[in-house]
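This report looks at helix packing and charged pairs. Keep the sequence and the model in view while reading.

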Amino acid sequence: MEKMGWKRFAVLLCADDSEYVKKMYGGYFGVFLRMLEEEKETWDLYKVARGEFPEDDELDLYDGFVITGSCSDAYGNDIWIGELITLLKKLDSMHKKILGICFGHQVLGRALGGKVSRSPTGWDIGVRTITLSSSSPLSLSSLDLPARLSIIQCHRDEIRELPAKAEVIAWSDKTGVEMFRYGDHIMGIQGHPEYSKDILLNLIDRLIQRNFIMEDFGEEAREKVAMWEPDKEAWKRLCISFLKGRL
């Protein structure tokens, strides 16, 4: 039953929960709720990587959608990725608020007509400082954010070509499109504002175990993680303000 005056949001989960995240946070859904949930809101979970999608007649019930990270490639041809791209195009046509994180950022770029591929400079794992555009139409000044913010990163793919009408709103010395904006309803973030350092350290261990990265590269990444703190509170304010129409 709908609660009068309550907002409703959905997390489109593009990965399976790790055992660690399940145990510590109740899954990635729990991680996102810790960052984004406020009073008088309903949050639903769709495990899109498992083929669970909202029905077309349910889309209008939602005020916004969040697309998570994934081990899959945003430029891949998995059936569920094709279905997700179709859904994102519908949500764009409905002018729904969409926040894409990591894989979510990349797949949004693809759905809107951009190009995604492996980064020519390889993996980015650790805490990286990114620069926010001073000319962005996002009213970042109302949030009193610094010009540079640190964020947890864990990716080897990136948006190589932006969709037409999209605007880069943040970049780093490693990645040209750290954030983009499309209209006033879509925003992508390449990093992980929702992650805490313990989640990343566990992920580094799993990447080594699965031979995605070498042990020495993983050790170097762990050292980098220890040196810097992500600006979690600033990212929380930015993501909430965008998703809930306060910018």
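## An exposed aspartate and its partner

Aspartate 173 is exposed, with a relative accessible area of 72%. The cut-off for that label is over 50%. The model is predicted, and every value here is computed from it.

Which residue does aspartate 173 pair with? Its salt-bridge partner is arginine 128. The closest N and O atoms are 2.7 Å apart. Aspartate 173 sits in the loop between β9 (166-171) and β10 (179-182). Arginine 128 belongs to strand β6 (residues 124-132).

## A buried pair

Glutamate 41 and lysine 244 also form a salt bridge through their side chains, at 2.7 Å from N to O. Glutamate 41 is in strand β2 (residues 41-46), while lysine 244 is in the segment after α7 (232-243). The pair therefore ties together parts that are 203 residues apart in sequence.

Are the two residues buried or exposed? Glutamate 41 has 8% relative accessibility, so it counts as buried. Lysine 244 has 13% and counts as buried too. The limit for buried is under 20%.

Lysine 197 lies in helix α5 (residues 197-209). Glutamate 229 lies in the loop between α6 (215-227) and α7. The bridge thus ties together parts that are 32 residues apart in sequence. Lysine 197, at 17% relative accessibility, counts as buried. Glutamate 229, at 55%, counts as exposed.

Some salt bridges share partners. Asp205, Glu215, Glu219 and Arg222 are joined into one network in this way. How many salt bridges does the model hold by the rule used here? The count comes to 17.

## Packing of α3 and α4

Two packed helices are described by the angle between their axes and the distance between the axes. Helix α3 (residues 79-93) packs against helix α4 (residues 103-111) at an angle of about 70 degrees. Their axes are 9 Å apart. Angles of 65 to 115 degrees count as roughly perpendicular, so α3 and α4 are roughly perpendicular to each other. Their crossing is right-handed.

From α3, the contact is made by Trp80, Ile81, Leu84, Ile85, Leu88 and Lys89. From α4 come Phe103, Val107, Leu108, Arg110 and Ala111. Of these contact residues, nine are nonpolar and two are charged. None is polar.

Note on methods. Residues are numbered from 1 along each chain as its sequence is written. This is a predicted model: local features need pLDDT of at least 70, side-chain atom pairs count only at pLDDT 80 or more; totals for chains, interfaces and linings use all residues. Side-chain values use heavy atoms; hydrogens and water are left out. Axes are lines fitted to C-alpha atoms, for helices over the stretch in contact, and angles run from 0 to 180 degrees between N-to-C directions. Helices (H or I, at least four residues) and strands (E, at least two) are DSSP runs, numbered from the N terminus. Angles under 35 degrees count as roughly parallel, over 145 as roughly antiparallel, 65 to 115 as roughly perpendicular and the rest as oblique. A crossing is left-handed if the near helix is turned anticlockwise from the far one by less than a right angle, and right-handed if clockwise. Contact means heavy atoms within 4.5 Å. Ala, Val, Leu, Ile, Met, Phe, Trp, Tyr, Cys and Pro count as nonpolar, Asp, Glu, Lys and Arg as charged, and the others, Gly among them, as polar. A salt bridge is a side-chain nitrogen of Lys or Arg within 4 Å of a carboxyl oxygen of Asp or Glu. Buried means under 20% relative accessible area, exposed over 50%, partly exposed in between (1.4 Å probe, protein chains only).
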